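Please look at the sequence and the model below before reading on. The paragraphs that follow go through it one part at a time.

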Amino acid sequence: MSVLAVIPARGGSKGISRKNLRCVGPLSLIGWAARTVSELSWIDRAILSTDDLEMAQEGRSHGLEVPFTRPQALSTDTATAAATWRHAWLESENTYSQHFDISILLQPTTPLRLASDVERTVSMMVDGGHCAAATVSPIPGHFSPEKNLTIDEHGILKFSHKDGATYTSRQMLQNSYYRNGICYAATRNSLIDNGNIVEADCIAVIVDDFTVNIDDPIELEIAQMLYTKLEHQKNTLNTQSSENLADS
């Protein structure tokens, strides 16, 4: 099956100015997405969808193709991910005169994703005969829908769930999940013909490890701290391995 990877990176960002060019460790967020692509040999084409010249140059410097400029109508705060992805898919097919059976969407805002999670997403969709797939993470118990609260016009707290007061322990809560942004995958029929990402036949790919999805400045700081921790662990393991070889 022919596979298209789409990395969306518009120039405008209100939470963090020029967000997709910001760095975590040695790489920009665009650079991290490109690194993931480079680890997946089964991707036929990897393109950056952007309206911004600097973003486009950053993508090219990391080996991504930028065959078109995203229209302004799809570069606003209100433009949907489905519409942006669909446009990139059709424009890529037109540019390369190639039909793509499936596509993956890799948002730069999840820089520390594992390529193995992306591969698992595509495998679960294709092997299971599903129309789409999306990575999700478990919602912590205290954020579960059954525990959510609202505030009425008098400032009084109310449970948003009609039986919210009865959920007194974690064991009573239904397992809930949120989209973590690691990977979306879709068949051509799902996205091009029906315009859906999370649709009736979207298989869940559960990622239990903590995932940083960057929207606010504090999340950029958390990503940097996590990167530093992971690098420290890697260096420690390499040092221990070298010492063990020297002793053997």
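Predicted model: local features only at pLDDT ≥ 70, side-chain atom pairs only at ≥ 80, totals over all residues.

## From the cysteines to the sheet and its surroundings

How far is the sulfur of Cys131 from the closest cysteine sulfur? The distance is 9.4 Å, to the sulfur of Cys202, and that is too far for a bond. A disulfide would need the two sulfur atoms within 2.5 Å. By this rule the number of disulfides is zero. As for accessibility, Cys131 is partly exposed, because its relative accessibility is 22% and the partly exposed class begins where buried ends, buried being under 20%. Cys23 is partly exposed as well, at 44% relative accessibility.

Next comes the sheet. It is open and has six strands, in the order β4-β1-β5-β9-β6-β10, and the pairing is mixed. Which strands lie at the edges? They are β4 (45-49) and β10 (202-206), each of which pairs on one side only. From one strand to the next, the twist averages 25°.

Is β1 mostly covered or mostly open? The strand is mostly covered, with six of its six residues buried. Its side chains can be sorted by direction: Val3, Ala5 and Ile7 point one way, while Leu4, Val6 and Pro8 point the other way. Both sets are buried.

Helix α1 lies across β1 and β4, and its direction makes about 170° with that of β1. Helix α3 (residues 81-96) also packs on the sheet, where it touches β1, β4, β5 and β9 (177-187). The angle between the directions of α3 and β4 is about 125°.

Why is α1 described as largely enclosed by the rest of the structure? Eight of its ten residues are buried, so the description follows from that count. The buried residues of α1 are Leu29, Ile30, Gly31, Trp32, Ala33, Ala34, Thr36 and Val37.

Leaving aside residues up to four places away in sequence, Thr36 touches Leu106, Arg113, Ala115 and Val118.

Now turn to the open space in the model. How much space lies in the largest pocket? The volume is about 720 Å³. The pocket is lined by 28 residues, and the closest to its centre are Pro8, Arg10, Ala79, Ala81 and Gln107. Among the elements of the lining, α3 and β9 each supply at least two residues.

Lys158 takes us to another strand, β8 (residues 157-159). Lys158 is partly exposed, because its relative accessible area is 42%. The residue Asn148 is ten residues away along the chain, and the C-alpha atoms of Lys158 and Asn148 are separated by 8.7 Å. The two residues are in contact: Lys158 touches Asn148, Leu149, Thr150 and Asp152, again not counting residues up to four places away in sequence.

Finally, consider two backbone angles in loops. Arg18 is found in the loop between β1 and β2 (23-24). Its phi is near 55°, a positive value in a residue other than glycine. With a relative accessibility of 27%, Arg18 counts as partly exposed. Ser97 lies in the loop between α3 and β5. Although Ser97 is not a glycine, its phi is positive, at about 50°. Is Ser97 buried or exposed? Its relative accessible area is 69%, so Ser97 counts as exposed, the cut-off for that class being over 50%.

How values were computed: Residues numbered from 1 in each chain as written. Heavy atoms only, no water. Contact = heavy atoms within 4.5 Å. Buried < 20%, exposed > 50% of the residue type's maximum accessible area, 1.4 Å probe, protein only. Pairing = 2+ DSSP bridges. Helix = DSSP H or I, 4+ residues; strand = E, 2+ residues; numbered from the N terminus. Axes fitted to C-alpha atoms, helices over the stretch in contact; angles between N-to-C directions. 1 Å grid on protein atoms, 1.4 Å probe; cavity = no way out; pocket = protein on both sides within 12 Å on 5 of 7 lines; lining within 4 Å. Points joined across faces, edges and corners; volume = space filled by probe spheres on them.
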